[in-house]
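Please read it alongside the sequence and the coordinates.

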Amino acid sequence: MSSPVVLGIESSCDETGAGLVREGRLLGHAVASSMAEHARFGGVVPEIAARAHVHSFTPVVHEALDRAGLRMADIGAVAVTTGPGLSGALHVGLAGAKTLAYSLGVPLYGVHHLAGHVAADTLEHGPLPDPCMVLIVSGGHTSLLLVRDLARDPIVHLGDTVDDAAGECFDKAARVLGLPYPGGPAIDRTARDGDPHAVAFPRPLTGPRDSRHDFSFSGLKTAAARWAERHRARGAAVPVADGAAALQEAVADVLTRKAVAACREYGVATLVVVGGVAANSRVRALAEERCRAAGIALRVPPPRLCTDNGAMIAAVGDLLVRAGAAPAPLDVSIDPSAPLVHAALHPVARTPARAA
């Protein structure tokens, strides 16, 4: 018998996503974003995000079903992000997913959000090689992972961000440069008119005594801020395009340099770059250039699958179902700060013991 259709639900931040996957094939997906509501605050407001998920959940699920040409009765399993993310936002998605799974009489699977980003690539390029090196680059995470069987094996962290992630650096630097939120796309657009070599921004944690695989972008963000402040202090216009291009070049240089070095060190022939910042044009171009020179196969999902979406969560659910993984318990909860160890994430909230 063929595997069931898996509905994936994503609600960890400001996108409400629903996707439908069966046997590694994306059948349809839909995303509603509340980003415009957060833009005037310069960042995501958790209460606004949670309320937007409540309003968007049902329409997004129905839109995904319509695009797939399926009915609710065709769903054979439900997968949902249980962490990490914003607590209120995660609760909305989990409550909706539990309701659907219970009413349809199908199993429910909790999924780690970052594992979803890894699995997103399988929807475009097929099963992941075993092993592969994965570079996750997003607003809140920058990690180098050694991945074998995503559904069955533990995920090995070779390195992580020690402070600001790459996407966070883009967002904060964009504000300093007077660019709109979200900062990543704004910097990418603005950098097209700038000189990436105009400013000698630092390359954090790339010295011989630094951690080989960890990342740090807080100092780079500060360097961009100080550079802009020096221009303003002497009454000069800030060359925003040059600043954006140089900042983007520094981020892309560090990311791709470390990722290719890790592939060489561990003898891994395939690099997979995922997450929201994987949509950045310079990151993609420099990764392709350096992987080609090193004889490493590069896999990057299309931009529509790089940002948060329900399809990636459905992809993990589909892998778990086909691997024979146990569904989530009825009392599965959320873990807003869950570390990435396994693709399945089934935390259970513990009731504090009452004082005697």
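L205 is found in the loop between α7 and α8, where helices (H or I, at least four residues) and strands (E, at least two) are DSSP runs numbered from the N terminus. Although L205 is not a glycine, its phi is positive, at about 55 degrees, and with a relative accessible area of 23% the residue is partly exposed; here buried means under 20% relative accessible area, exposed over 50%, and partly exposed in between, for a 1.4 Å probe and protein chains only. This is a predicted model, in which local features need pLDDT of at least 70 and side-chain atom pairs count only at pLDDT 80 or more, whereas totals for chains, interfaces and linings use all residues. Residues are numbered from 1 along each chain as its sequence is written, and side-chain values use heavy atoms, with hydrogens and water left out.

A positive phi, of about 50 degrees, is also found at E23, again not a glycine. E23 is placed in the loop between β2 (15-22) and β3 (25-33) and is partly exposed, with a relative accessible area of 43%. P84 belongs to the loop between β4 and α3 (87-104), while P182 lies in the loop between α6 and α7.

The loop between α7 and α8 also holds F201, which pairs with W227 of helix α8 (218-233), so the contact ties together parts that are 26 residues apart in sequence. The structure holds two aromatic pairs, for which the ring centres of Phe, Tyr or Trp (its six-membered ring) must lie within 6.5 Å, with planes under 30 degrees apart counted as stacked, over 60 as edge-to-face and the rest as tilted.

| Aromatic pair | Class | Centre to centre | Angle between planes |
|---|---|---|---|
| F201 and W227 | edge-to-face | 6.0 Å | 80 degrees |
| F215 and F217 | stacked | 6.3 Å | 15 degrees |

F201 and W227 are buried, and F215 and F217 are both buried as well. The ring of F215 has a further contact, since the charged end of K258 sits over it, 5.7 Å from its centre; this requires NZ of Lys or CZ of Arg within 6 Å of the ring centre and within 35 degrees of the ring normal.

Strand β6 (residues 132-137) is mostly covered, with six of its six residues buried. C132, V134 and I136 point one way from the strand, whereas M133, L135 and V137 point the other way. Strands count as paired if DSSP finds at least two bridges between them. β6 runs antiparallel to β7 (residues 142-147) over six bridges, and the two form a hairpin with four residues between them. Within this pairing, I136 has S143 as its bridge partner. β6 is also joined to β9 (residues 270-274) by four bridges, in the parallel sense, with M133 opposite L271.

Pockets were located on a 1 Å grid over the protein atoms alone, as open sets of points where a 1.4 Å probe fits, with protein on both sides within 12 Å along at least five of seven lines; lining residues have an atom within 4 Å of a point. The largest pocket has a volume of about 940 Å³, taken as the space filled by probe spheres set on grid points joined across faces, edges and corners. Its lining comprises 35 residues, and S138, G139, G140, D171 and Y181 lie nearest the centre. Helices α4 (113-120), α6 (166-176) and α7 (183-191) are the elements that each give two or more residues to this lining, with the largest share, six residues, coming from α6. Eight of the eight residues of α4 are buried, so this helix is largely enclosed by the rest of the structure.

The second largest pocket has a volume of about 300 Å³. It is lined by 16 residues, of which P127, L128, D149, L319 and R322 are the closest to its centre, and helix α12 (residues 310-322) gives the most to the lining, with four residues.
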